[in-house]
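I opened the model to look up a few helices and the residues that line their contacts. My entries follow in the order I made them.

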Amino acid sequence: MSSSYLPTTTDSIARALEAKTPSEAISILYRVLQNPSSAPDAVRIKEQAITNLSDLLRQVNRAEELKSLLAQLRPFFALIPKAKTAKIVRGIIDDVAKIPGTSDLQISLCKEVVQWTRAEKRTFLRQRVEAKLAGLLMENKEYSEALNLLSGLIKEVRRLDDKLLLVDIDLLESKLHFSLRNLPKAKASLTAARTAANAIYVPPAQQGNIDLQSGILHAEEKDYKTAYSYFFEAFEAFNALEDPRAVFSLKYMLLCKIMVSQADDVAGIISSKAGLQYVGPELDAMKAVADAHAKRSLKLFEIALRDFKAQLEEDPIVHRHLSSLYDTLLEQNLCRLIEPFSRVEIAHIAELIELPVDHVEKKLSQMILDKKFAGTLDQGAGCLVIFDDPKTDAIYPTTLETISNIGKVVDSLYVRSAKIMA
């Protein structure tokens, strides 16, 4: 990078745009920023140079340079309004976020910016960077630190009554409590986010986020029909914005259909005009699960889980619901297979259901303990013994009822005799 600076003119910006390589353009823009001029026109050109430079550094994945650029620009921020400073700082942080594998760098960058904003008393910017930092800590599974940061931030923002930021923070807190499996607090935070959102205009992307979180919480409570309607609202919002989160909303819509035993609707949704835009591994995974569910085939279910591990097992929301669906399917299949027998080898059941013997044995023992059927495991012989359902004798309840009625009659006669004696 040349040490001589370039004039802060539109010609310098144009020269950078015409550069043959990104490295050459980056060098030119750095030289523009080195110009000491603080005239209004020069400041305006420098702002444009910063935006272009940040964009180029993101394109060539130079995350460390973006971080150092933010530190170098601090004297320049004293020359421009606080609102423009906030826009530039948040823009650079967002550019770093677009570079893959930079989560630790983003966390350290946000912490540096928070320290700087505290020293400079830039409250508006600090609160937004702290909210961003809390989100990054949550993604990094540093839940306690994220929760401590959010709890202080919420009190501060509520005092200022900044409703748009409050929506962001409450929604983030809801996601954080959901990750910690604290559903009551997750629902309370989501309700607070909805209340704040109702008082102001919320951008469509943020409204989609709220609907997506609502769907996730309703699905967790097994209210799949309501969850489906929320996922549909989120899908429409993200689809209109061409947001990549639309495919996940559609995926969760299909999950809800499968969980309410409407797997036949999955193919129709995927082949619809909106669904065809998102055809790919995410939807293929749900289609494979729907086919397995429709055929009540555990083997197909396990093949789907194996073939689409990234889409099913590694998605915590889908994985949790499919685990319960798998257990239900397995129980139904086992009950159907053991029905004709009074004594049967476990190996024979495992062969019929096409699953490992130890897996089947473990599930049968669990079903016996849960009183799904009456029986016992003879592990010495490797057999399952099924008992007939004990028939309750009708005479005992009738006798108890008769005795109870006699007791009432005696009590009534005692009360009457007491009145006569009085």
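I take helices (H or I, at least four residues) as DSSP runs, numbered from the N terminus. The model is predicted, so local features need pLDDT of at least 70 and side-chain atom pairs count only at pLDDT 80 or more, while totals for chains, interfaces and linings use all residues. Residues are numbered from 1 along each chain as its sequence is written, and side-chain values use heavy atoms, with hydrogens and water left out.

Entry: helix α7.
I looked up T117 and found it in helix α7. Is T117 buried or exposed? I read a relative accessible area of 0%, so T117 is buried; buried means under 20% relative accessible area (1.4 Å probe, protein chains only). T117 touches R122, L125 and R126, leaving out residues up to four places away in sequence; I count contact as heavy atoms within 4.5 Å.

I then took the helix as a whole. α7 covers residues 103-120, which is 18 residues, and spans 26 Å from first C-alpha to last, close to the expected 26 Å. The expected span is 1.5 Å times one less than the number of residues. The buried residues of α7 include L105, L109, V113 and W116. I traced the packing of its buried residues to α4 (63-72), α5 (74-77), α6 (82-97) and α8 (123-139). Just after α7, I noted a positive phi of about 55° at K121.

Entry: helices α20 and α21.
How do the axes of α20 and α21 cross? The axes of α20 (residues 316-338) and α21 (residues 346-353) come within 11 Å and cross at roughly 120°. I use axes fitted to C-alpha atoms over the stretch in contact, with angles from 0 to 180 degrees between N-to-C directions. α20 is therefore oblique to α21, oblique being what is left after under 35 degrees (roughly parallel), over 145 (roughly antiparallel) and 65 to 115 (roughly perpendicular). L330, N333, L334, L337 and I338 of α20 meet I349, L352 and I353 of α21.

I349 sits in α21 and is buried, with a relative accessible area of 1%. Beyond four places in sequence, I list contacts of I349 with L334, L337, I338, V344, V360, L364 and L384. I349 and V360 are 11 residues apart in sequence and 7.8 Å apart C-alpha to C-alpha.

The largest nonpolar core has 128 residues, and F77, F301, L312, L322, I349, V360 and L384 touch the most other members. A nonpolar core is a set of buried Ala, Val, Leu, Ile, Met, Phe, Trp, Tyr and Cys residues joined through side-chain atoms within 4.5 Å. For L322, contacts beyond four places in sequence are L255, V289, F301, L305 and L312.

Methods
Buried < 20%, exposed > 50% of the residue type's maximum accessible area, 1.4 Å probe, protein only. Helix = DSSP H or I, 4+ residues; strand = E, 2+ residues; numbered from the N terminus.
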